[in-house]
Structure formats: structure tokens, C-alpha cells
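Here are my notes for a colleague opening this model for the first time. Keep the sequence and the 3D view side by side as you read.

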Amino acid sequence: MISNCLGKNEKGHLTIGGCDTVDLAKEYGTPLYVMDEGKIRATCRMYRESFEKYYGGQGMPLYASKAFSCKEICRIVNEEGLGLDVVSGGELYTALQAGFPAEKIHFHGNNKTAEEIAFALDSGVGHFVVDNLTELETLNRMAGEKGCRACVLLRIKPGVDAHTHQFIRTGQIDSKFGFALETGEALAAAKEAAGAEHLDFKGVHCHIGSQIFDVAPFVLAAEIMVDFIHEIQKETGVALTELNLGGGFGIKYVDEDTPPKYDAYMHSVSDAVHRKCGEYGLPVPYIFIEPGRSIVGEAGITLYHVGGVKEIPGVRTYVSIDGGMGDNPRYALYQSSYTVVAAGKMDAPCTEKMTVAGKCCESGDLIQENVMLPKLEPGDLLAVLSTGAYNYSMASNYNRIPRPAVVMIRDGQPRVIVRRESFEDLVRNDV
Ligand SMILES: *Cc1c(COP(=O)(O)O)cnc(C)c1O
């Protein structure tokens, strides 16, 4: 199985967290997101323990909440001792509503509005990851006006090619995020931050991409960042104490995906940071990392009921489901791979090549093409695996289709953590 929270029971049904998916679909309806809390908590602990094991506990994983944001996930990662990364006023609001401690939040984004900055300052957000000079100036001015100080990390483009998908690559010079090292832009920003009256310039941040399977680009990025911390000290006299290395650790969507063990990453990165700091005679910085996908991705699945099966002789066979790009736009956006299984017929031979199509009025509304499935009939249940990240959080109401519910399973007990949207919800803001 793609994820260790999945299994198959004696009826030949797919299980998640020990629950029969056919029963879940019956009880909560479809489409339905289902997540396993045990798997999420185990991954959080593994990240925390890797800091203990390899870095003397001098660091903290932050959950990148854009992967899946709702109040309950904020409560869970808070209980596990993680910090949080938010990228908008809405994600910040969600975290605060869940009682997440503001001082453990890092606020990201390449265009934080004045309203968002004011909200974050008033809430006592721990770190601002500053993307550009406009933001640096606005933040300094607003902190001054409010009579407070803001803790700042600068987002740097280390220029590391992590061999990832073009569309989701963010470490290159040609990226809308952060300050480039090569052009001198990053050092100029560091000088500005060092001299800003109302800012505490604490460190630097980078995020080299997403769904990365290699440890090497992370190590290279960490080395480049320590080089830069050294350069900043030489040029400005400011001794930075914090280094945020971002997220991007890959997960298993299909059998061919081979993510490394996540703590292997912390092991190699810790060694590199210690070695580099030793060379420069710098104290080792406090490290943050920002895993999103790897905390929730494999812990989630989506359940759908099959409607029609449309065979176009000599062309292909479409199987239509009761969801689609509204609840999972990732195939339409990036041709992302997913594993699809017939959740109620796990023992049936997969003899049919099918294209799984959503119900939106859009030809590109596909979940996956050319997947092998058993013979299917209307009413059969399909499960798409590894949908815990960037599915619910990227969902839309296109075609006025209500967003599905999210069910979380803990110790074999399901509970709704996000209710299914109703038609009334759809018109709530209409005037
Ligand atoms: C998206 C993002 C993350 C999380 O990335 P994953 O691939 O989900 O681990 C972390 N930090 C920043 C700045 C991001 O943009």
C-alpha cells in the first residue's frame, strides 16, 4: 500500500486507520476526505525527534498549514509541539481561532497586505519571513507606529535546482519569492534589515521546492545559507541566530515514488550546518524546517462514488465520479500522479484501463488517466490515495459544487473535523 495507514479487510474493502471505507462512505456520503490522525501525529513526532537526535534539540519543525488548513489540524500539530507556517491572513486567523500560540507562527507570503501585517503584529506573530523591500519598509514603519518590534527572517533564493516540476519550483532566480543571492539583492536587503529601527533581524529563510526526493539539494541549500550568514556578519556585524530551511520533502503518490526517510534529511543537514559553522567559527543557528505535504499527504484519501462508465471504442473509457477538480485540482494543474483503487473491490483483478473524470464542465477535469481498475458499475466506490495535502486546501466551488466534508480517524473512531458545505453555504455571501 502507498501509505501505512491503509489496509484491506476480510470483505476486500480498503481501510484507513482501521475503518472500512465502504462504511465511511455510507455514513458520511461522498465525495469525502478521510484522514488518519495517528499517521499525522507519528510524522510530527518523527520530525521533532530528528532535531533531538541530530541537532541537540536546537530547532523546531513548523507545519506548513497551506497543505491543509483547518482548526483541528492546527490543534493537532500544536499538541505535537510543532510551530506553524502561515501564508495569509486567513491561515493566520484559522490558527488563532484554534488557539495556536502566535509566537510559534512564521508569517510568509510575497505580498502581505498592510491589513495582514497589522493583524499579525496585533496578534503577536513570532516571525515575519520578509519577501521584498516594500514589505521590509512597511513592516518597519507599522511596527514603529504600533510601538512594537517585529522579528524578521529574510527569504533568500539560494538558486538550488532541486529537479522538481517547473510549475512548483521556487528556488530559482526566476521566482516571485524572495531575494536573490547572485545579484547582491539579498545582501542589500540584509543591510537594510540590520539597520531597521523597529525590526529584530534574526535570520534567513529558503524554500527550494516541493515533492523533492533528494537529500543533496537540501544540504547544498543549507551550506549556501550558512555562507550567507557568515557574509552578513562580515558586512554588517549582525550575528544571525536563526535559519529556516523551508519544506518540500517528497511523499509517495504512486509506487514508483521513493521518498527518503525524513530523518535522513535532518541528519545530513545537521552535519553540514555544524561543519560550515565550525569552519567560520560561527555559533550553530537555531533551525526551523517547514514540512507540509509530508505531514498530511499520505495520511489522507478521497472517496468517490462512480456514476457512469463511458466506453469510447478504440479511444478510451471514462469513469465518472461525483467529485473532481473542485476537490482535487492537482491533475488539471500539474498532471500530478495519483493511485486510484476500487475501495469496495480490492480483491478484483484490475483488467480495465480507465480515465477517472470529474463532474465539472471542463474537459480537463480529470483526476487520473490510464489507471488500471476492475470492471466498475454505477455505485462502486473509488478511493484516490495520498490526497491529504493540497486537496481540501486547494478546493473550490466551481460549478457551485459544495466542498466535501473532512473526516479524521483516531484510534479507529471517525469524526467530522470539517463539515460538508451545503447549498445554503454556497449563497451565504450572495447579495
Ligand atoms: C509550500 C511551502 C512549504 C511546504 O512545502 P511542502 O512541499 O508542502 O513541504 C514550506 N515553506 C514554504 C515557504 C512554502 O512555500
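1. Let's start with glutamine 211, which counts as buried at 18% relative accessibility. Buried here means under 20% relative accessible area, exposed is over 50%, and partly exposed is in between, with a 1.4 Å probe and protein chains only. You'll find glutamine 211 in the loop between strand 11 (199–205) and helix 8 (216–236). Helices (H or I, at least four residues) and strands (E, at least two) are DSSP runs, numbered from the N terminus. The phi of glutamine 211 is near 55 degrees, a positive value in a residue other than glycine.

2. A word on ground rules: this is a predicted model, where local features need pLDDT of at least 70 and side-chain atom pairs count only at pLDDT 80 or more, while totals for chains, interfaces and linings use all residues. Residues are numbered from 1 along each chain as its sequence is written, and side-chain values use heavy atoms, with hydrogens and water left out.

3. Back to the backbone. Arginine 400 also has a positive phi, near 50 degrees. Its loop runs between strand 19 (381–385) and strand 20 (405–410), and arginine 400 is partly exposed at 44% relative accessibility. Then there's a cis peptide bond between threonine 30 and proline 31, with omega about -10 degrees. Proline 31 sits in the loop between helix 1 (21–28) and strand 4 (32–36). Why flag these? Because most residues other than glycine have a negative phi, and most peptide bonds are trans.

4. Now the aromatic rings. Rings of Phe, Tyr and Trp (its six-membered ring) pair if their centres lie within 6.5 Å; planes under 30 degrees apart count as stacked, over 60 as edge-to-face and the rest as tilted. That rule gives 11 aromatic pairs. Take phenylalanine 249 and tyrosine 262: their ring centres are 6.4 Å apart and their planes at 55 degrees, so this pair is tilted. Phenylalanine 249 is in the loop between strand 12 (242–244) and helix 9 (262–280), and tyrosine 262 is in helix 9, so the pair ties together parts that are 13 residues apart in sequence. Both partners are buried: phenylalanine 249 at 4% and tyrosine 262 at 15%.

5. For an edge-to-face example, look at tyrosine 286 and phenylalanine 288, with centres 5.1 Å apart and planes at 65 degrees. Tyrosine 286 is partly exposed at 25%, whereas phenylalanine 288 is buried at 4%.

6. What does lysine 39 touch, apart from its neighbours within four places in sequence? The list is Ser3, Asn4, Cys5, Glu298 and Ala299, where contact means heavy atoms within 4.5 Å. Lysine 39 belongs to helix 2 (residues 37–55) and is buried, at 16% relative accessible area. Its side chain makes a polar contact of 3.5 Å with that of glutamate 298. (A polar contact is a pair of N or O atoms within 3.5 Å; within protein, one must be able to donate a hydrogen and the other to accept it, and residues adjacent in sequence count only if both atoms are side-chain atoms.)

7. Asparagine 328 is buried too, at 0% relative accessible area. The loop that holds asparagine 328 lies between strand 15 (316–321) and helix 11. Leaving aside neighbours within four places in sequence, asparagine 328 is in contact with Tyr304, Tyr338, Ile367, Thr387 and Asn391. With asparagine 391 there is a side-chain to side-chain polar contact of 3.1 Å. The largest pocket holds about 830 Å³, and of its 35 lining residues the closest to its centre are Lys66, Val87, Glu91, Phe177 and Tyr390. Helix 4 (89–97) gives the largest share of that lining, three residues. On a 1 Å grid over the protein atoms alone, a pocket is an open set of points with protein on both sides within 12 Å along at least five of seven lines, and lining residues have an atom within 4 Å of a point. Grid points are joined across faces, edges and corners, and a volume is the space filled by probe spheres set on the points.

Note on methods. 1 Å grid on protein atoms, 1.4 Å probe; cavity = no way out; pocket = protein on both sides within 12 Å on 5 of 7 lines; lining within 4 Å.
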